There are 2 protein chains.
Amino acid sequence: MLKEERQHLILDKIKLNRKVLSADLSIELQVSEDTIRRDLNELSAKGLIKKVHGGALPVDTKAPSYEERKFSNLKEKNNIAKKAVSLIKNGQVIIMSGSTTNLQLAKIIPSDINATIYTYSLPIALQLTEHPSIEIIFIGGKLNKPAQVTVGLDVVSSISQLRADLCFMGTGGINVENGMTEPNWEVSHIKKCMIEASEKVIVLCTNNKINEVKRYPVTPIIKINTLITDLNSKNEIFIPFKEKGVKIL
Amino acid sequence: MLKEERQHLILDKIKLNRKVLSADLSIELQVSEDTIRRDLNELSAKGLIKKVHGGALPVDTKAPSYEERKFSNLKEKNNIAKKAVSLIKNGQVIIMSGSTTNLQLAKIIPSDINATIYTYSLPIALQLTEHPSIEIIFIGGKLNKPAQVTVGLDVVSSISQLRADLCFMGTGGINVENGMTEPNWEVSHIKKCMIEASEKVIVLCTNNKINEVKRYPVTPIIKINTLITDLNSKNEIFIPFKEKGVKIL
DNA sequence: TAAATTAATGAAATAATATGCTAAAAGAAG
DNA sequence: CTTCTTTTAGCATATTATTTCATTAATTTA
């Protein structure tokens, strides 16, 4: 039996039984436990399984939680949220993407504001239920657990049918040449739709995202109306953005 | 049994029963109490449980507004949830309505269960994001803030397109003559759709809802497959329900 | 407070792992 | 085809992880 073949069988067995024992595999695949251990260690190094004393288990799908990210860069995010909230006017229809910066924004929307907010983020929707007058429309679909947002075709098609005044978007990265970019293909697609559906596009991002480029393009810089960061708007880093017509806050 | 596997079982059992005794676990898992104690100490060090003299408890969670209601009748609700969880099988498609009893159920679904759950309740969806293998589909629509669920035509039409094996439903009231009834018209309509979309209908309710009648009818008793309450299933109050073919748990 | 239960500790047993070494098999180069 | 190298698997042994047991300390309960 080939080594690869054996490792595939091991992976299949883990998927099936949610655990494997080195001793069992040794008998079943007719090789020594040493070999099995070597296989398990290799698979574990590739992150495909979790090696434990006596055998192996599937990898924990539980990714680093949204909760954890919620508290990083809190000061910067709050700074951005404060600038963003001034753009919200009564009667507007707004789309919010699922970033933690947007969550911060959702927290500080003044209670006398009366608007309609579309979102596909569970934490943001939940936060907005505390607001007395905002109408919330949640965009349904398959849930992405670590990000706690809905994704997929349902989301894309729902957003395509909207007409909004503003959209507030977090981003994976932004620079002048590549515009907005995202590490996740599905998210990049959804954000394209959000931009199409909105009169004005407002990008919220912490300074560490500026001049970062991620894998999937979302939109050229020209479609972005306003960029809000924690930096001072007069910072020279923004000069090329301003030349492209982006307003900086 | 692998150490990690054992610790997972302990976590599941704590979720389910809200407490475990070292002595019980020792017998159940066929290891010494020393080992159990070491497991509990390790899990406690990771902050996953709270170790106490003689056993362990779940970690205390904070309790704001919606959360407060969640803890009223907690014992009864957990009792119901424990009975309900036994009905969930791998591979099923399940619809869950937005009651706090259902939230309790969402909390205790064992981590090795693999199913697809449709829901229109924010807290339930959020709770399920903690589960490693369940696929969650959120049904979008306009948010009802106090209940933290989506309502309206979008929800109705989404549910109409589903085919599910089970639906778990809370209820405003149930009796033999009027069947299930709801105080809210929109909710009654949504629940009708859920029943149409599901192979089996399982109603979860605390004893105070039995023989209550609310304003809007949802379904005659005949369409309900199983009724789960905190009472003993042999209680004479259930005799007329049983005569109508409802299974009592 | 005394009795009973539970916890902590260290020694000992058992099982699993890592490591170095050997040998066979498969490829590569001449 | 031969020789050399590389990969792979098995074995012996040292090391480490895990569990149990005996003993003593701490905590709860009556």
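Which residue of chain A forms a salt bridge with Glu5(B)?

## Chain-to-chain salt bridges

That would be Lys19(A), with the closest N and O atoms 2.8 Å apart. A salt bridge here is a side-chain nitrogen of Lys or Arg within 4 Å of a carboxyl oxygen of Asp or Glu. Chains A and B share 4 salt bridges.

## Ground rules

This is a predicted model: local features need pLDDT of at least 70 and side-chain atom pairs pLDDT 80 or more, while totals for chains, interfaces and linings use all residues. Residues are numbered from 1 along each chain as written, chains are lettered from A and ligands numbered from 1 in written order, and side-chain values use heavy atoms, leaving out hydrogens and water.

## The rest of the interface

Chain A puts 34 residues into the contact and chain B 28 (heavy atoms within 4.5 Å). About 2,500 Å² gets buried between them, 60% of it on carbon and sulfur atoms; that's accessible area (1.4 Å probe) lost on putting the two parts together, summed over both.

## Around DNA strand C

DNA strand C has 18 residues around it, with Arg37(A), Lys51(A), Gly54(A), Arg37(B) and Gly54(B) the closest (near means a heavy atom within 4 Å).
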